[in-house]
Amino acid sequence: MALYSRKGLEIPEPSDCSSSEDDDITYLTDLYQPEHQLPESVRVSNKLLNSLVDRAWEVISKQDSIRKDAEGMRKVPVLNPKEMKLPGRTNSVVCSDDGVYLFLGHTHGLSVISTSTLTSVRTWQGEKVELTSISCASLENCTHLLCTVDDMGIARLFVHHKENIYLIKVLNETDDINQRNICTKFEVSRSGDFGAAVMTSGRSVWLDVYRFPRDLWLKELETKQATQTSGSTEAKLSPTVLLMKIKPPEIPAGTSLKSPSEVLQKTDGGTIIGSGQNHMISSSQWENQDAAFRKMFAKYLSSSPMTPSQQRSEGPSNCTFHFLLREGFCPLPGGAKPTRDIPIALCLWWSGSHNFLHYILKTSKEKTDGEPRPDVLWPNSQEILCSAVSACTRFIVLGLVSQLVTIWDRRFGCPYANIVIPGDSAICRLKFILQSAERQQVNTPLQQGPFSPKLQLVVTCRNGSCYSVTAGCGGDTPIVAFIERPADQGGFATVAEPVPFLKCLALLMQRDGQVSVWDTKDAAPVFILTLPQTHVLGPLWDPVYVLDAVQQNLYIRGDSKTHLKKVTDEEEDENSLFIFSFSQCSVMDLYRITWPAATEKETRVPLSGLEEACNLYIQERLDTLEERNRNLAIQWEQLQQRAVK
């Protein structure tokens, strides 16, 4: 038996135990012999392997102790905050785009806070109204549009104009409370031109899409400001326009269509194929397939508590939507250039669905009768769990079942990258930013243009683990783990969000109340944010916070520990708002972004026409030819190594 060992490895001396030529045969017939009865060749190999393992373990233990000592010697800076008392239990906080105001939704209503003085400038209060969520859009002339939802599911539309708050509309107001629709989500687009609300009634759910006449409102508010009476809280402005009422797709049923031509006629010209609504499958074929399926998996279906009719009637329970800006090679009609970022489409997905749908936002004059149909459908291989959209709305990232992340590129209408997250836990949250241009030039050999930028994701899983993913069009996809699967629930990551005004840093909040900022490349904490000893992060499972990119501040709610002990006390909640100022921290100078394009908006390159877009694309392909050829050679080499012979 030939033995090959590395230089420096001592071969053990033969044992004194005698062995015969039939040892190998005897050993193969009796696998439960004591170790000293093993054949001589096997004993020598066993000693060699044990020696190798012991030496490798010594090296690993030594390196691990050196790493732990280095981490222990490294002192992570601690940042202390300012404190401001809150009027009540604050459930939501948002910041205006100019960083001048904070809007708080609490147990008494709505409050407007000045960020310069940290004082309340205006408050709107309603009888037994507790706001739970706020969405804000900054208009012109110190005007902000606010979409709110309270704890009873009532959606209200406010406008904040020159330190005055006016109630414009209550979307689901009815005289009979039993007939009221419940609003679960109400959000406004970044420009304030559109809004969308998810409504539920019984087991039905749908999405209402509104168009807001913001230009008319600004003129009417200026007129009202000159003639208003003191104490006025309501404003009679131009009405909102309901553009669409989008319902979830129906479960496919049997059809009487018998030819492909009839099916294509039902698909509005054959432009949208893949929704499963138009097909040639008859009712009898559905019934036969269902009977065959139930016969094959009878023992598994018998343990289900729901009947077949209940399983079939159960529909989607939630809708996630995003507003999309103009993207692609087609200019606006007449060669006009938009004065602001006005959404042109709405994308959404229903829980339990594989399809990602797009709807074009039409004006009131273009409003069509009947139920709206999707203009674009993107199918996915797995069920969608979560989604996020980049600030330029060119890229859409989807978290799917089986730890799969898919990034779609709207410019080309195809997947940009597919990533598999390590582990076996489902993805629950995604955050999406673009790496800064300065970091790309230093660390990436590939010259990134407007067509293939490097993208950075922060992915959170249900088991509490958190990852940083850097994705691009081709090449490797580095995945760095911030937090591996924690041993206890206190280490679960409840918030993982990139800091928009600091390069490659992410804000992490854990269920045990720890708040820190981490480097997304090195997976190491840069500094720790600590609350006073008298307060704790609240609530621990869903912290209330907001990042202000203009003032470079973090506003976060803290609950008093003394009040938490008084469970039966009916007094007001003792909440405070803590302000962490990153602009005054010298540690941040290395990561600070000094140019205006701090996020992925810098990839939004204006294109005058199709010819210019083609020229830019061809030029970038020429610049990246060498890098693409190198990646292609590596991929072919890997395929040859893994080929089945």
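**Exercise 1. How many residues of S28 are buried, and is the strand enclosed or open?**

Start with the ground rules. This is a predicted model: local features need pLDDT of at least 70, side-chain atom pairs count only at pLDDT 80 or more, and totals for chains, interfaces and linings use all residues. Residues are numbered from 1 along each chain as its sequence is written, and side-chain values use heavy atoms, with hydrogens and water left out.

Step 1. Strands (E, at least two residues) and helices (H or I, at least four) are DSSP runs numbered from the N terminus. Buried means under 20% relative accessible area, exposed over 50%, and partly exposed in between, with a 1.4 Å probe and protein chains only.

Step 2. Count. 6 of the 6 residues of S28 are buried, so S28 is largely enclosed by the rest of the structure.

Step 3. Check each face. Leu505, Leu507 and Met509 are buried on one side of S28, and Ala506, Leu508 and Gln510 are buried on the other.

**Exercise 2. Describe how S28 pairs with S27 and S29.**

Step 1. Strands of a sheet pair through backbone hydrogen bonds, either parallel or antiparallel. Two strands count as paired if DSSP finds at least two bridges between them.

Step 2. Take S27. S27 and S28 are antiparallel, with 5 bridges. Pro498 stands opposite Ala506. The two strands form a hairpin with 6 residues between them, and Cys504 in the turn has a positive phi of about 55°.

Step 3. Take S29. S28 and S29 also run antiparallel, joined by 5 bridges. Here Leu507 faces Val517. This hairpin has 4 residues between the strands, and Gly513 takes a positive phi near 95°.

**Exercise 3. Which residues of the largest nonpolar core touch the most other members?**

Step 1. A nonpolar core is a set of buried Ala, Val, Leu, Ile, Met, Phe, Trp, Tyr and Cys residues joined through side-chain atoms within 4.5 Å.

Step 2. The largest core has 25 residues, and Leu507, Leu529, Ile556, Phe580 and Phe582 touch the most other members.

Step 3. Find the elements. Those giving two or more residues to this core are S28, S29, S30, S32, S33 and S34.

Step 4. Follow Leu529. Contact means heavy atoms within 4.5 Å. Beyond four places in sequence, Leu529 is in contact with Leu79, Leu507, Val515, Ser516, Leu554, Phe580 and Phe582. Apart from this core lies another, of 22 residues, among them Cys147, Cys183, Met199 and Leu237.

**Exercise 4. Classify the Trp124–Phe158 and Phe501–Phe582 pairs.**

Step 1. A pair of aromatic rings is described by the distance of the centres and the angle of the planes. Rings of Phe, Tyr and Trp (its six-membered ring) pair if their centres lie within 6.5 Å; planes under 30 degrees apart are stacked, over 60 edge-to-face, and the rest tilted. The structure holds 10 aromatic pairs.

Step 2. The ring centres of Trp124 and Phe158 are 4.8 Å apart with planes at 65°, so this pair is edge-to-face. Trp124 is in strand S6 and Phe158 in strand S9, 34 residues apart. Both Trp124 and Phe158 are buried.

Step 3. Phe501 and Phe582 form a tilted pair, 5.6 Å centre to centre with 45° between the planes. Phe501 lies in the loop between S27 and S28 and Phe582 in the loop between S34 and H10, so the pair ties together parts 81 residues apart in sequence.

Step 4. Check burial. Phe501 has 3% relative accessibility and counts as buried. Phe582, at 1%, is buried too.

**Exercise 5. What is the strand order in the open sheet of 4 strands?**

Step 1. The order is S7-S8-S9-S10, with antiparallel pairing.

Step 2. Find the edges. S7 and S10 each have a single partner strand, so one side of each is left without a neighbour in the sheet.

Step 3. Look inside. S8 and S9 pair over 7 bridges. Thr143 stands opposite His161 in S9.

**Exercise 6. Over which residues does pLDDT stay under 50?**

Step 1. pLDDT is the predictor's confidence in each residue, from 0 to 100. The chain has a mean of 78, and 73% of its residues reach 70 or more.

Step 2. One such stretch is residues 436-448, with 23 contacts beyond four places in sequence in the model. Residues 595-603 are also below 50.
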